[in-house]
Each structure stands twice: as structure tokens, then as C-alpha cells.
Amino acid sequence: MKILGIESSCDDTASAIVEDGATILSSVVSSQEDIHAAFGGIVPEVASRKHIENILPVVDKSLSDAGAKLADIEAVAVCNRPGLIGALLIGVTAAKALSWALEAPLIDVDHLQAHIYGAWMADEPPRTPALSLVVSGGHTSLYRTEGPLEHELLGSTVDDAAGEAFDKVANILKLSFPGGPAIEKAARNGNPRALGLPRTWIDAEHSNFSFSGLKTAVLYHCLGQNASKDDIKNARYRPGFVADVAASFQETVVDVLVRKTCIAAEKTGVHSVILGGGVAANSLLRKRLSEETARRGLQLVMAPMGLCRDNAATIAALAFHLYRAGTRSGLDLEARPS
Ligand code: KG4
Ligand code: ZN
């Protein structure tokens with residue numbers, strides 16, 4: 001069964017065609033990174049306008065890359081939650097139009113569940129029950145996962161998401177946007193123990209996260225306690241200083257994510273750990289989580305590198321399972337920010 005998936009929840013416009021929840025026939029992602037980089041972060045209104053321009057060419061390219069015609073599409077899947085409301089609306093509206101014109105079923109997909117489903121698209125599927133860590137620009141959450149469609153939320157961030165912290169710290173350090181890859185690169189030449197930064201709730205019994213104090217600690221270290229936006233704009237740092245701060249920050253985030261994931265995995269008695277979301281592309285996180293899960297005899301299944309960041313392939317693939325479970329949406333489907 002060929003499903004066309006659409007994803008527009010944040011700043012990427014994506015369309016993909018996936019067969020039977022497993023075979024990716026095409027996956028097109030049009031990134032807006034260059035546009036938002038000028039602002040040091042995503043501007044929701046700009047994102048919505050770009051999605052309007054991008055959506056049809058991206059859908060067309062996903063069809064031509066797959067060697068498919070519209071008539072070959074048997075269902076249309078769309079991410080309708082959570083995300084930026086204006087951005088989501090573009091994908092949802094396009095998907096409704098396609099579903100209506102093709103007389104094909106419409107299936108609504110949760111963005112975070114799609115990130116977790118990335119693990120089922122890796123070489124070896126996860127053994128369930130599993131513990132899923134979703135780390136992205138908008139979310140940092142731990143779930144107990146019984147299958148592709150069954151996730152019980154155990155905890156999440158009470159303030160900034162891990163990816164958001166990477167983006168904000170990159171902004172403080174005057175690195176490029178998105179901050180994750182820029183910090184990872186700068187950190188290669190730095191000393192991860194140069195700064196002692198707060199590891200909030202690292203040994204706590206609960207599974208919630210907090211990264212806003214960490215971001216503030218970096219700001220105070222770089223520019224002092226009364227730093228203003230102008231101070232960030234006018235800041236000039238030595239490259240060695242930036243490398244040390246980036247390395248220490250990355251080490252701290254990875255420490256917290258890995259330790260809290262392992263504590264939750266032991267507590268919930270799962271067989272596997274699943275890693276998904278944009279921050280799952282971070283190589284230090286992948287390495288540390290591999291080492292620590294191996295030490296505990298846990299299987300680790302990480303979303304393949306190409307499917308960590310936002311994409312429509314995981315949307316179309318997960319929709320196959322939703323379709324089989326009877327999920328159908330009407331043309332009254334709403335975009336939901338949370
Ligand atoms: O899942 P995603 O593509 O979009 C959201 O759902 O938010 O995640 C984007 C986030 C950004 O905050 C970005 O800085 C972060 O993922 N990210 C990384 C890396 N690549 C992307 N963070 C750390 N290391 C990376 N290599
Ligand atoms: Zn995402």
C-alpha cells in the first residue's frame with residue numbers, strides 16, 4: 001500500500017511516499033534553515049509563508065522521485081500535531097485537498113510518535129516494551145512504548161527542550177542556526193570539562209527534564225549576570241573559548257539525557273531503548289547511549305541518521321499502522337499546536 005505523507009509542523013516542508021510502512025520510495029525535505037538563520041531562530045509567520053510556497057513543488061518531487069502518479073496513492077497521511085499552528089495548517093490543508101481529490105483515506109499522525117517510529121525503520125526493530133527518548137527542538141520526553149502506536153508518557157521537559165537549548169546556546173556563542181550541528185562541530189576542539197554546568201535532576205527518580213538553568217548558566221559564564229540582547233549581539237569571543245563552552249554544554253546535555261534514560265529504563269524493566277528526534281543526530285549522544293545501554297544489557301535502536309530530523313517518511317510509514325488499526329480522519333481534521 002503506497003501512502004503519501006506530509007510534514008510541515010515546524011520549518012521543514014516534507015513529503016514522502018512509503019510502501020507498507022517500510023519501503024521509502026521517496027523522501028523530500030525542503031529546509032528553511034537559511035531563511036531563519038538570519039533571525040537566530042524560527043519565525044513562525046515566515047515558516048507558514050514558506051510552507052505555502054514549498055508544499056506543491058515538494059509533493060510533486062516526492063511523486064516524481066518515487067516514479068509514481070497521484071493515482072497510485074492509496075492513502076494520504078499528515079502530521080497535524082504538535083507544532084506551530086500556522087505551519088501545521090499548510091500541510092493539513094494540502095493533505096485534505098489531496099485526500100478529497102483522490103478519494104483516498106486521510107490519516108492524521110502525531111509528530112512525536114513519528115519520531116519514535118524512526119526506530120522501526122532501522123535495520124533491527126526494537127523489542128518491546130521499550131523506553132523511548134524523543135529529543136527535538138520542541139520536545140524532550142520519555143515514553144514507555146509497547147508498540148508503534150502505544151506510548152505512555154513518563155516525563156518531559158518543564159521548560160526548554162534539549163534542541164532548543166542547543167539553539168539558544170549557539171545563539172549566545174554566535175554560532176550558526178540550527179544550533180545542534182554548529183555546537184557539535186565547535187565542541188570537537190574543546191574541553192568538555194572546562195566548565196562545571198548544572199545537571200538539573202540528573203539523579204532524580206522522576207523522568208522530567210529542565211534545561212533552562214543550563215542555558216542561563218552558559219549566558220552568565222559568557223557575558224555576566226546582567227547580559228542584554230545587545231551584549232549577545234556585540235559579543236566577541238576567542239575560538240578556544242567558544243570550543244570549550246560548546247564542548248562543556250554538549251557534555252552536560254548528553255550526560256543528563258543518557259543518565260535519566262538509563263534510570264527510567266531500569267525502573268520500567270524494558271528490553272530496549274529507542275532514540276529519535278532531531279537531537280538524536282548528535283554523535284556524542286549516540287555514542288554515550290550505545291555504551292551505557294550495552295553495559296546494562298539493553299538493546300538500543302536509534303532512528304537512522306537520515307530520519308532523525310523532521311521528515312515525512314516516518315509520517316507515511318507510521319500511517320500504515322494507523323490505517324490498519326482503523327484510523328481515518330475527515331475533512332474536518334484540525335491542526336493542533338499541542
Ligand atoms: O526534530 P527536529 O528536526 O524538529 C523539531 O521537531 O523540533 O529537531 C530539530 C532540533 C534543533 O533544535 C536542532 O538544533 C537539533 O534538533 N539538532 C541537533 C543536531 N542536529 C539537529 N542537536 C544536537 N546535535 C545535532 N547534531
Ligand atoms: Zn521533530
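Predicted model: local features only at pLDDT ≥ 70, side-chain atom pairs only at ≥ 80, totals over all residues.
View 1. The partner of glutamate 164 is lysine 168, and the closest N and O atoms of the two side chains are 3.1 Å apart. Lysine 168 is likewise partly exposed, its relative accessible area being 31%. Both residues belong to helix α5 (residues 162-172), where a spacing of four residues amounts to about one turn of the helix. The pair is also part of a network of salt bridges in which Asp160, Glu164, Lys168 and Lys215 are linked. In total, the structure holds 21 salt bridges.

**View 2. The salt bridge between lysine 287 and glutamate 291 in helix α10.** Here the closest N and O atoms are 3.4 Å apart, and the two residues, four positions apart in helix α10 (residues 283-295), are separated by about one turn of the helix. Lysine 287 is partly exposed at a relative accessible area of 47%, and glutamate 291 is partly exposed at 36%.

**View 3. The salt bridge between arginine 81 and aspartate 108.** The closest N and O atoms of this pair lie 2.9 Å apart. The pair links distant parts of the chain, with arginine 81 in strand β4 (residues 75-81) and aspartate 108 in strand β5 (residues 106-110), 27 residues apart. Both arginine 81 and aspartate 108 are buried.

**View 4. The zinc ion (ligand 2) and its donor residues.** The ion is coordinated by NE2 of His111, NE2 of His115 and OD of Asp310, at 2.0 to 2.1 Å, and the spacing of these donor residues in sequence is H-x3-H-x194-D. Histidine 111 lies in helix α4 (residues 111-117), whereas aspartate 310 lies in the loop between β10 (299-302) and α11 (313-324), so the pair ties together parts that are 199 residues apart in sequence. Histidine 111 has a relative accessibility of 7% and therefore counts as buried; aspartate 310, at 16%, counts as buried as well.

**View 5. The interface of domain 1 and domain 2.** The protein chain is divided into domain 1, made up of residues 2-116 and 308-324, and domain 2, residues 127-302; their centres, taken over C-alpha atoms, are separated by 27 Å. To the contact, domain 1 contributes 17 residues and domain 2 contributes 20 residues. About 1,500 Å² is buried between the domains, and carbon and sulfur atoms give 76% of this area. Of the area that domain 1 buries against domain 2, Leu112, Ile116 and Cys308 supply 41%, more than any other three residues. Across the interface there are zero salt bridges, and one residue pair is found in polar contact, both residues at pLDDT 80 or more. On the side of domain 1 that touches domain 2, the elements giving two or more residues are α1 (33-37), α4 and α11, and α4 gives the most, with four residues.

**View 6. Arginine 199 in the loop between α6 (179-187) and α7 (212-223).** Arginine 199 is partly exposed, with a relative accessible area of 30%, and its side chain reaches the backbone oxygen of leucine 197 at 3.3 Å. When neighbours within four places in sequence are left aside, arginine 199 is in contact with Glu251, Thr252, Asp255 and Val256. Arginine 199 and aspartate 255 are 56 residues apart in sequence, yet their C-alpha atoms are 7.8 Å apart in space.

Notes. Residues numbered from 1 in each chain as written. Chains lettered and ligands numbered in written order. Heavy atoms only, no water. Buried < 20%, exposed > 50% of the residue type's maximum accessible area, 1.4 Å probe, protein only. Contact = heavy atoms within 4.5 Å. Polar contact = N/O pair within 3.5 Å; in protein donor to acceptor, adjacent residues only side chain to side chain. Donors = N, O, S within 2.8 Å, 3.2 Å for Na, K, Ca; no water. Domains from an automatic or database assignment. Buried area = accessible area lost by both parts, 1.4 Å probe. Salt bridge = Lys/Arg side-chain N within 4 Å of Asp/Glu carboxyl O.
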